[in-house]
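Let's walk through this model together, one step at a time. Have the sequence and the 3D view ready as you read.

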Amino acid sequence: MENPIIQLEGLTKYYGKVKAVDNLHLSINKGEIFGLLGPNGAGKTTTILMMLGLSDPNAGQATVCGINATRNPIAVKRKVGYMPDNAGFYDNLTALENLQYIGRLNGIGEKEIEARAHQTMEMVGLSDALHKKTSAYSRGMKQRLGLADLLIREPEVMILDEPTLGIDPSGIRDFLELIHRLSRQQGLTVLLSSHHLHHVQQICDRVGIFVEGKLLVQGDINTLSGELFGKESFEVAVTVREALPAGDGLKAAVQAIPGVIGVQASGHTMDISCSSDITPDLVRFFVRQGLNVTGVQRKEYGLDEIYQRFFENNPKKVSA
Amino acid sequence: MPSMPVFIDKLFSAPESPTPFRTMVRKEVGDHIRSWRFITMLLLIVLTFIGSMYISLSNIRKVVTEINDPDHVYVYLKLLTTAGNGMPAFHIFISFLGPLLGIALGFDAINSEQNSGTLMRLLAQPVYRDNILLAKFYAALLVVSTMFLSLVLLMIGGGLLITGVSMEAAELLRILAFVVISVVYVGFWLSLAICLSVRFRHAATSALTAIGIWLFFTVFYQLIVNMLMAAILPDPAYLDPAQVNAFNNLILSLLRVAPSQLYTDAATTLLMPSIRSLGPLSMEQMAGAIPAPLSFGNSLMIVWPQVTGLIAATLVFFALTYYLFMRKEIRH
């Protein structure tokens, strides 16, 4: 944490009586790709708006590039590019004209805008569609144009709100790779929010999980799984051909195996969590019990599991 | 003169990097003049203008030779105000086309940008929030004033060619003042429409609300005032003249709540120099008055309350818009 470019201290925001963001502390370093994860309505967008000074916090402070975002939003907006979710463009203008407008608003000289527009459209792979009206753009193209729209301003920080929303799977992969590449090439700090865990997992250096206005955990994915799952860091799912026998006999027997922490059975599958990797012992046990094992799967913790695990521990919050 | 070309150069070339405000105004003006709704409104206004000019030009000989009319020397004012053959004068047309123009230019100023997602992107640029609002208002007014001014100048030029009568300075001043008042009047409806566009999320809702307000003031308001007054007022036969006068003034004041009434009052007085008062005059006041045109300054004095009222109403709505927009949580 030697060089934080975004620093949030005790950020709090109410919408009426609802607490949208609750005492949020977060710092993001220069050149990092940070993923802000959370379900819809968790307060991700609100947090982003406060970083840009577009919404005033009720308490706390957001400092971006060393500037107080609430007090001096214009200076922050000069350094930070923000792509809102479902970013729109002026449909009656071409992509180039849209970019030119943004360039002019940022005080870029008329001659330079044209050159930069060509350059950025090349970067995002839209140079063929430069003179097309944006009403003819597909959703994925619009997202790319949104990125070009950020890059033309040469920002220090890019904030992308739900950048993967509404693009098809292969488009998402391309788009995220593009962000990753650009970030690494130009040393950009990227903050992206999403409720899609897989997407973010691919490119983020660090993620923070954000639910009901609170940042529950943050760190890289390995640290996160360690934090959430504690000692039970291995999970094995054993699938058998016939349905598992009813009653707790089998469950108790599995529980008795040294190293097993928890057992959950449903239908044909038994999920066993254990403190060390005892998969061979488990398989041997099942075979000895005369069960026809059709599949054994050692689970690795992706964000999905982290996410799910969090909601398992906090059933109250799922309904919210 | 070596400095001259430099001066002209500065006048006509855009600065290297204009301020965000100028950039926004430029874009808004461009959007307006390319939009179908402005072109439609323009055609409508140009058509009524040509129609009323045609009528007044064909009647102009009769009107300016009418010696009993103290205004007969003002040929150009007569061109603007002469009505006939069921065709009302141009300023009467503007009194009900003006609101439509203002509403057409403003009803979706903010909410369409919000719905298409461009407002958020615009706000993420280093621009002040109030500049967005101001640019919208300013650009529309710029378009409207250019339109009115060119129409009126066309009228003057055409009149000069057709009649060959030279123009008095007072006439030009009156006509320019008429243009200014018309622009302020359209500005009132524009600021009302922009206010509604901030308040309502859907463009259709804000357009219908604005048109509803317009209809209320042009059609129903006078009916309601007249009906109410007929119900409340005692029989004038039992009142002394001072009381009748007071009641008449009350009715007029009530009618002047409607912006179109203010506009018509102001425009009529400015374009017809012989109008001395907008309310009833008693015989004592009229005694000894020679029917002669007033000076421009005096006419302006008569309509000053109307002008102030229109400007104040415009400012109130603009301030309200400003308040609503600055306080708006842009996510909602």
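Buried area is the accessible area (1.4 Å probe) that two parts lose on being put together, summed over both. The size of an interface is often given in just this way. Here, chain A and chain B bury about 2700 Å² between them, and 58% of that area is on carbon and sulfur atoms. Before going on, note that this is a predicted model, where local features need pLDDT of at least 70 and side-chain atom pairs count only at pLDDT 80 or more, while totals for chains, interfaces and linings use all residues. Residues are numbered from 1 along each chain as its sequence is written, chains are lettered from A and ligands numbered from 1 in the order in which they are written, and side-chain values use heavy atoms, with hydrogens and water left out.

Which residues meet at the contact? Counting heavy atoms within 4.5 Å as contact, chain A gives 30 residues and chain B gives 27 residues. One salt bridge, meaning a side-chain nitrogen of Lys or Arg within 4 Å of a carboxyl oxygen of Asp or Glu, is found across the interface of chain A and chain B. Its partners are B:Arg121 and A:Asp149, at 2.6 Å from N to O.

Now look at the side of chain A that touches chain B. Helices (H or I, at least four residues) and strands (E, at least two) are DSSP runs, numbered from the N terminus. On this side, two or more residues come from each of β1 (4-15), α1 (44-51), α2 (73-79) and α3 (95-105) of chain A. The largest share, five residues, belongs to α3(A).

Next, turn to chain B, which has 14 helices and zero strands. Its C-alpha atoms fill a box of roughly 65 × 65 × 35 Å, taken along the principal axes.

Finally, let's visit the largest pocket. On a 1 Å grid over the protein atoms alone, a pocket is an open set of points where a 1.4 Å probe fits, with protein on both sides within 12 Å along at least five of seven lines; lining residues have an atom within 4 Å of a point. The largest pocket is lined by 32 residues, and A:Tyr90, A:Asn92, B:Lys27, B:Gly30 and B:Asp31 lie nearest its centre. Which element gives the largest share of this lining? The answer is α2(B), with eight residues.
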